[in-house]
Amino acid sequence: MKFISKHPLILASQSPRRKELLGLLGIPFDIVPSGIPEPDPSGFQSAVDYVRACAEQKAGDIARSHPEALVIGSDTVVVLNGEILLKPKDKQQAAEYLHKLSGKTHEVITAVSMRQGDIDRSFHECVRVRFYELPTSWIDAYTDTADPYDKAGAYGIQTVSGLFVEGIEGDYNAVVGLPVAELLQQLTRSGLVKMEGAPDYAK
């Protein structure tokens, strides 16, 4: 099964995880990451507002310079009891995040923004993730690796730190970084993408 797009497709992210997931559609795309700094989370009323703003900012930045393209922007945050856990700045903060998450259920929220001409659509997925109790020795060993430092909440469910996860409620791919199944639904409903061989684009 393969899909085609009416427009050149751009992923406004350099995340290898999002690249891999978007590649499932079989549509050729370019990667043009946005250079705009992410805003301060304290300026938003909720984590959802914040992560949607980040995704929309990325897509909007690239869409302005590529008006002919269909631009996909996305962002992911980890939220524990209302506190947004971004990418850790150093080993101390990574360990602090993991101690907080240990034995608890948190939320992973991924927002996606789609821009093409007059089309401006966004959505988000919220997934509940439950961690096992983590021994301090595990946290110390993990934070000695390079893995935590490019990931919200200091872990990635698709890497070795997926062994910390007892269970999830929701879309696994949204935790990885791109809810690609819902993205495909949104793109086909808007008529931007169709399955190869289908008679016409959805209306």
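Asp 90 caps the N-terminal end of helix 3, with one of its side-chain oxygens 3.3 Å from the backbone nitrogen of Gln 92. Welcome to a predicted model, in which local features need pLDDT of at least 70 and side-chain atom pairs count only at pLDDT 80 or more, while totals for chains, interfaces and linings use all residues. Residues are numbered from 1 along each chain as its sequence is written, and side-chain values use heavy atoms, with hydrogens and water left out.

**The chain as a whole**

- The chain has 6 helices and 9 strands; these are DSSP runs numbered from the N terminus, with helices being H or I of at least four residues and strands E of at least two.
- For 203 residues, a compact globule would have a radius of gyration near 17 Å, and the 18 Å of this chain agrees with that. The radius is taken over C-alpha atoms, and the globule rule is 2.2 Å times the number of residues to the power 0.38.
- Along the principal axes, the C-alpha atoms fill a box of roughly 55 × 35 × 25 Å.
- Buried residues make up 47% of the 203 in the chain, where buried means under 20% relative accessible area, exposed over 50%, and partly exposed in between (1.4 Å probe, protein chains only).

**More on helix 3**

- Helix 3 covers residues 91-101, and its buried residues are Gln 93, Ala 94, Ala 95, Tyr 97, Leu 98 and Leu 101.
- Those buried residues pack against strand 4, strand 5, strand 6 (105-116), strand 7 (119-131) and helix 4.
- After helix 3 comes Gly 103, which has a positive phi near 75°.

**Ser 74, inside strand 4**

- Ser 74 sits in strand 4, which runs over residues 70-80, and it counts as buried because its relative accessibility is 0%.
- Its side chain makes a polar contact with the side chain of Arg 18 at 3.4 Å. Such a contact is a pair of N or O atoms within 3.5 Å; within protein, one must be able to donate a hydrogen and the other to accept it, and residues adjacent in sequence count only if both atoms are side-chain atoms.
- A polar atom of the Ser 74 side chain also lies 3.3 Å from the backbone oxygen of Gly 177.
- Leaving aside residues up to four places away in sequence, Ser 74 touches several others, including Ala 55, Lys 58, Thr 110 and Leu 178.

**Val 180, in helix 6**

- Val 180 belongs to helix 6 (residues 180-189) and is buried, with a relative accessible area of 6%.
- Beyond residues up to four places away in sequence, Val 180 touches Leu 21, Leu 22, Leu 24, Leu 25 and Asn 173.

**Two loop residues with positive phi**

- Asn 81 is not a glycine, yet its phi is positive at about 50°. Asn 81 lies in the loop between strand 4 and strand 5 (83-85) and is exposed, at 74% relative accessibility.
- Ala 154, also not a glycine, has a positive phi of about 70°. Ala 154 lies in the loop between helix 4 (136-143) and strand 8 (165-169) and is buried, at 0% relative accessibility.

Notes: Contact = heavy atoms within 4.5 Å.
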